[in-house]
Amino acid sequence: MEQKTEDRQQMVREYRQMLEPLLRYLPWMEKNAGKAASRSYQGQGISRNSMTFPVYDATLMSFIREASGSLLMDRNYSYVYTRNRIRSHDDERRVIAAAELKDWDILRGILSRYVLEGRTKATLWGEAIQENIFLLVLRQMQKVVDYWDRTKR
């Protein structure tokens, strides 16, 4: 029993270590919750027949860079979505709110989908900010880690 507790504590410490660098973006995400995090480029020389592209907030781009280089990324995130029957933002929010320590990989999968898939689908990063997905995932991860981290008590 004691070994089991020590193993869980080690796992929670590792989770906290992965999460800590991303928590500094929480205030920005809370401030921008529900808002658009990008705008279309309207620069010089753009004709009406040209294709526009999104220009993202610098803080969001820093978060994406840091998150994509972290151990929280799961390249098999699509399995999280199929296994848990996640099809909409409401499904994501429901699963995030119910997540516990045993569901850490689900939270990683949701975060990974938006960070990694956003590289090829330009609207996903902005969508994750507007729908509060990044904010909810980070808050839930922090809540789980804080609850199980016995050294913090």
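Select N132 to begin: N132 is partly exposed, with a relative accessible area of 23%. On this scale, buried is under 20% relative accessible area, exposed is over 50%, and partly exposed is in between, using a 1.4 Å probe and protein chains only. N132 sits in the loop between helix 7 (124-130) and helix 8. Its phi is positive, about 65°, although N132 is not a glycine. Most residues other than glycine have a negative phi.

Before moving on, note that this is a predicted model, in which local features need pLDDT of at least 70 and side-chain atom pairs count only at pLDDT 80 or more, while totals for chains, interfaces and linings use all residues. Residues are numbered from 1 along each chain as its sequence is written, and side-chain values use heavy atoms, leaving out hydrogens and water.

**The whole chain**

Zoom out and colour by secondary structure. The protein chain has eight helices and two strands, in the order α-α-β-β-α-α-α-α-α-α along the sequence. Here helices (H or I, at least four residues) and strands (E, at least two) are DSSP runs, numbered from the N terminus. Of the 153 residues in the protein chain, 43% are buried. Among contacts between residues at least 6 apart in sequence, 74% join residues at least 24 apart; a contact means heavy atoms within 4.5 Å.

**Another positive phi**

Now select R85, in the loop between helix 4 (77-83) and helix 5. R85 is not a glycine, and its phi is positive, near 55°. Is R85 buried or exposed? R85 is exposed, with a relative accessible area of 57%.

**Helix 5 beside helix 8**

Show helix 5 (residues 89-98) together with helix 8 (residues 133-148): they pack at an angle of about 15°, with their axes 9 Å apart. Helix 5 is therefore roughly parallel to helix 8. Axes are lines fitted to C-alpha atoms, for helices over the stretch in contact, and angles run from 0 to 180 degrees between N-to-C directions. Angles under 35 degrees count as roughly parallel, over 145 as roughly antiparallel, 65 to 115 as roughly perpendicular, and the rest as oblique.

Their crossing is left-handed, a term for a near helix turned anticlockwise from the far one by less than a right angle, with clockwise being right-handed. Show side chains to find H89, E92, R93, I96 and A97 of helix 5 meeting I133, L136, V137 and Q140 of helix 8. The residues of this contact divide into five nonpolar, two polar and two charged. In these classes, Ala, Val, Leu, Ile, Met, Phe, Trp, Tyr, Cys and Pro are nonpolar, Asp, Glu, Lys and Arg are charged, and the others, Gly among them, are polar.

**Bringing in helix 6**

Helix 6 and helix 8 pack at an angle of about 155°, their axes 10 Å apart, so the two are roughly antiparallel. Helix 6 passes helix 8 in a left-handed crossing. On the helix 6 side, the contact uses W104, L107, R108, I110, L111, Y114 and V115, and on the helix 8 side I133, F134, V137, Q140, M141, V144 and V145. By class, there are 12 nonpolar residues, one polar and one charged.

Helix 5 also meets helix 6: their axes come within 10 Å and cross at roughly 145°. This crossing is left-handed. H89, E92, V95 and I96 of helix 5 make the contact with I106, L107, I110, R113 and Y114 of helix 6; the class count is six nonpolar, one polar and two charged.

Centre on E92, in helix 5. E92 is buried, with a relative accessible area of 2%. Leaving aside residues up to four places away in sequence, E92 touches Y81, I86, I110, R113, Y114 and I133. Which side chain has a polar contact of 2.6 Å with that of E92? The partner is Y81. A polar contact is a pair of N or O atoms within 3.5 Å; within protein, one must be able to donate a hydrogen and the other to accept it, and residues adjacent in sequence count only if both atoms are side-chain atoms.

Next, select D105 in helix 6 (residues 104-117). D105 is partly exposed, at 44% relative accessible area. Its side chain joins that of R108 through a polar contact of 3.0 Å. L72 is 33 residues from D105 in sequence, with 8.6 Å between their C-alpha atoms.

**Last stop: Y25**

Finish at Y25, in the loop between helix 1 (2-23) and helix 2 (26-31). Y25 is buried, with a relative accessible area of 6%. Beyond residues up to four places away in sequence, Y25 touches T59, S62, F63 and E66. The side chains of Y25 and R24 make a polar contact of 3.0 Å.
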